[in-house]
There are 2 protein chains.
Amino acid sequence: MTLANRLLSLLKLGVMLSLLGVTAAAQAADPLPSWNDGKTKQSIISFVDKTTREGSPEFVPSEQRIATFDNDGTLWAEQPIYFQLLYAIDKVKEMAPQHPEWKQKEPFASIIRGDTKKALEGGKPALMQLLAATHTGMTGEEFQQSVKKWLAKARHPETNKSYTEMVYQPMLELLSYLRANGFKTFIVSGGGIDFLRAFAGKTYGIPPEQVVGSSLKAKYEMRDGKPVIVKLPEVNLIDDKAGKPVGIYQHIGRRPIFAAGNSDGDFEMLQWTTAGDGPRFGLLVHHTDGNREWAYDHPSHVGQLDKALKTAPKEGWTVVDMKNDWKVIFPWGNRQGASGR
Amino acid sequence: MTLANRLLSLLKLGVMLSLLGVTAAAQAADPLPSWNDGKTKQSIISFVDKTTREGSPEFVPSEQRIATFDNDGTLWAEQPIYFQLLYAIDKVKEMAPQHPEWKQKEPFASIIRGDTKKALEGGKPALMQLLAATHTGMTGEEFQQSVKKWLAKARHPETNKSYTEMVYQPMLELLSYLRANGFKTFIVSGGGIDFLRAFAGKTYGIPPEQVVGSSLKAKYEMRDGKPVIVKLPEVNLIDDKAGKPVGIYQHIGRRPIFAAGNSDGDFEMLQWTTAGDGPRFGLLVHHTDGNREWAYDHPSHVGQLDKALKTAPKEGWTVVDMKNDWKVIFPWGNRQGASGR
């Protein structure tokens with residue numbers, strides 16, 4: 001190799017490296033790398049830009065940048081059934097030896113026999129009995145420990161991943177992107193507030209005080225000489241549908257400017273959020289990918305998305321088409337690549 | 001002046017300036033300038049130091065540094081009577097022309113005649129009627145506007161200051177000091193959550209989502225084609241006594257490590273807070289200064305401090321003796337120096 005050639009090679013290498021550098025920088029600058037380029041991603045980025053850029057006519061002061069997210073079907077999966085219900089079912093099985101009377105009593109008898117479908121045929125009363133048995137009577141701290149223990153061991157029946165791995169990578173990026181731009185992110189879920197608080201910090205970077213959910217009443221009492229909070233079998237708030245704006249009002253005390261959901265249970269949250277003055281953003285995660293995730297929301301027994309989907313164009317809500325808008329679904333890949341049980 | 005003298009003078013000036021500089025720096029370094037030096041101030045500073053200094057055996061991670069403050073009698077005054085009650089009374093007078101029936105109906109009739117004492121003789125039922133008439137039926141946003149408007153105009157009957165000026169300067173410093181050290185500060189008050197949220201941001205630097213208080217139920221509905229939250233005449237939570245730990249649990253989702261109050265209504269909040277593992281701090285503001293503020297809390301019809309005061313030594317709670325621990329009471333001075341009406 002002559003000196004000239006050698007120099008030429010070095011020059012080529014330099015050009016290549018600088019090209020690589022540019023690419024890396026462009027990727028680093030992409031705040032939503034798991035989102036395909038297109039209208040959906042662009043609408044999110046322009047909303048964040050116009051509400052946070054100093055001098056923008058639609059600038060929103062940082063303290064008003066409240067963003068609320070539904071959980072089931074929006075931040076993590078909800079198939080084959082709400083994960084919190086799977087917790088209650090596992091808990092009944094674990095508690096069964098201490099409750100011989102359950103062998104004669106529905107919905108417990110069916111669950112113990114492994115027939116979840118039959119157990120749930122009892123509808124709302126059966127569900128309330130399940131909740132009362134597995135979510136009340138203990139202290140708040142005991143309940144949190146029990147949920148954490150379960151989450152550490154339990155595996156999703158199809159993907160064999162832990163439930164806290166069943167989160168949507170593009171939504172994790174969205175949460176980080178909003179926070180990096182001065183938004184305060186909240187969960188506003190129909191799920192139980194104490195259940196959510198057991199993992200929202202580690203999984204989503206959302207502290208307990210920024211979790212709103214359905215709740216039971218609680219009381220303060222002394223147990224073994226120590227003051228504790230005890231969970232009571234009485235509903236405090238059903239944080240679903242019209243209960244979501246109420247939950248937001250009670251907990252957060254102001255109207256969000258950004259709300260994300262995936263079902264008709266989120267309709268009122270998006271409606272209230274986007275009816276406010278100034279720039280507003282409503283986002284619906286539409287479950288359209290039957291291979292990489294599940295295509296189920298229209299119609300569906302969980303996470304039905306109908307009224308909200310029809311309303312979206314009129315209200316200017318952004319609909320995320322999971323199949324076309326997301327490069328990847330879960331942090332570890334997609335459903336069809338999972339190991340299975 | 002010889003050159004030598006001149007140099008000597010300059011040197012002296014330099015020494016003086018540097019002394020002044022040292023003094024200024026020492027003052028700037030005092031995070032609680034309105035607190036007299038002594039045991040009380042020192043106990044606060046050592047708690048903050050040991051929980052926040054890296055490498056300290058009692059270090060507490062920032063996200064667990066939750067500090068809760070009562071409001072009436074802890075952050076602002078509560079004499080001659082809770083300010084929120086004065087709002088309700090003024091509001092009844094303002095609304096009276098639209099309610100001719102009130103002239104025949106207690107507690108309204110007495111209020112309209114200017115006899116507040118008689119109106120309040122009706123006890124809790126009278127109070128609930130007052131609250132229902134002045135705190136419900138409107139939207140949350142309308143209520144906030146009404147409170148803000150009132151706060152901008154109303155004046156304290158004795159000091160002639162606005163109510164948001166009736167705050168304790170040493171406590172404002174304490175809030176700032178804790179926040180500067182990574183604590184998240186919350187209000188946990190028996191007062192109404194919506195009332196508090198109307199001024200807590202500007203007055204204390206505490207955003208609506210960090211305010212816990214007594215609350216009414218609310219519902220979501222359409223008014224004039226717009227979705228709103230309407231305040232209902234039904235109690236949701238009485239955030240006082242054993243209701244305070246419950247309110248903290250529901251809203252914040254974890255036990256504070258620091259709690260400040262001033263009355264037996266704060267007993268359970270301090271008890272629950274300081275019963276937790278690791279370093280804990282309980283603080284009681286004791287109203288001992290009849291000249292600069294009011295000496296009233298033992299015994300008293302508002303803000304009674306008895307059980308908590310007796311328990312303080314055993315539990316290691318710090319009692320603030322307002323007369324001896326505080327250099328100044330209000331940001332503008334002290335009660336005896338106020339202009340009066």
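**View 1. B:Lys241 counts as partly exposed, at 45% relative accessibility.** Partly exposed lies between buried (under 20% relative accessible area) and exposed (over 50%), with a 1.4 Å probe and protein chains only. B:Lys241 sits in the loop between strand E4 (226-237) and helix H11 (243-251) of chain B. Helices (H or I, at least four residues) and strands (E, at least two) are DSSP runs, numbered from the N terminus. Phi of B:Lys241 is positive, near 50 degrees, and the residue is not a glycine. This is a predicted model: local features need pLDDT of at least 70, side-chain atom pairs count only at pLDDT 80 or more, and totals for chains, interfaces and linings use all residues. Residues are numbered from 1 along each chain as its sequence is written, chains are lettered from A and ligands numbered from 1 in the order in which they are written, and side-chain values use heavy atoms, with hydrogens and water left out.

**View 2. A:Asn160 also has a positive phi, about 65 degrees, although it is not a glycine.** Its place is the loop between H7 and H8 of chain A. A:Asn160 is partly exposed, at 32% relative accessibility.

**View 3. Two peptide bonds are cis.** In chain A, the bond joins A:Glu106 and A:Pro107, with omega about 0 degrees. A:Pro107 lies in the loop between H3 and helix H4 (108-112) of chain A. In chain B, the bond runs from B:His298 to B:Pro299, with omega near 0 degrees. B:Pro299 belongs to the loop between strand E6 (281-286) and helix H13 (307-315) of chain B.

**View 4. Helix H2 (residues 39-52) of chain B packs with helix H8 (residues 169-180) of chain B.** Their angle is about 15 degrees, and their axes are 11 Å apart. That makes H2(B) roughly parallel to H8(B). Axes are lines fitted to C-alpha atoms, for helices over the stretch in contact, and angles run from 0 to 180 degrees between N-to-C directions. Angles under 35 degrees count as roughly parallel, over 145 as roughly antiparallel, 65 to 115 as roughly perpendicular and the rest as oblique. H2(B) brings B:Ile44, B:Ile45 and B:Val48 to the contact, while H8(B) brings B:Leu174, B:Tyr177 and B:Leu178. Contact means heavy atoms within 4.5 Å.

**View 5. B:Thr52, in helix H2 of chain B, is buried.** Its relative accessible area is 19%. B:Thr52 touches B:Phe59, B:Arg65, B:Asn181 and B:Phe183, leaving aside residues up to four places away in sequence.

**View 6. Helix H3 (residues 83-95) and helix H7 (residues 140-153) of chain A pack at about 100 degrees.** H3(A) and H7(A) are therefore roughly perpendicular to each other. Their axes are 11 Å apart. Among the contact residues are A:Phe83 and A:Leu86 of H3(A), and A:Phe143 and A:Trp150 of H7(A).

**View 7. Seven strands of chain A form an open sheet with mixed pairing.** The order is E4-E3-E2-E1-E5-E6-E7. Strand E4 (226-237) and strand E7 (318-321) stand at the edges, each with a single partner strand, so one side of each has no neighbour in the sheet. Two strands pair if DSSP finds at least two bridges between them. The twist averages 30 degrees from one strand to the next. Strand E2 (residues 184-192) and strand E3 (residues 211-223) of chain A pair in the parallel sense over three bridges. A:Ile187 stands opposite A:Val211 in E3(A).
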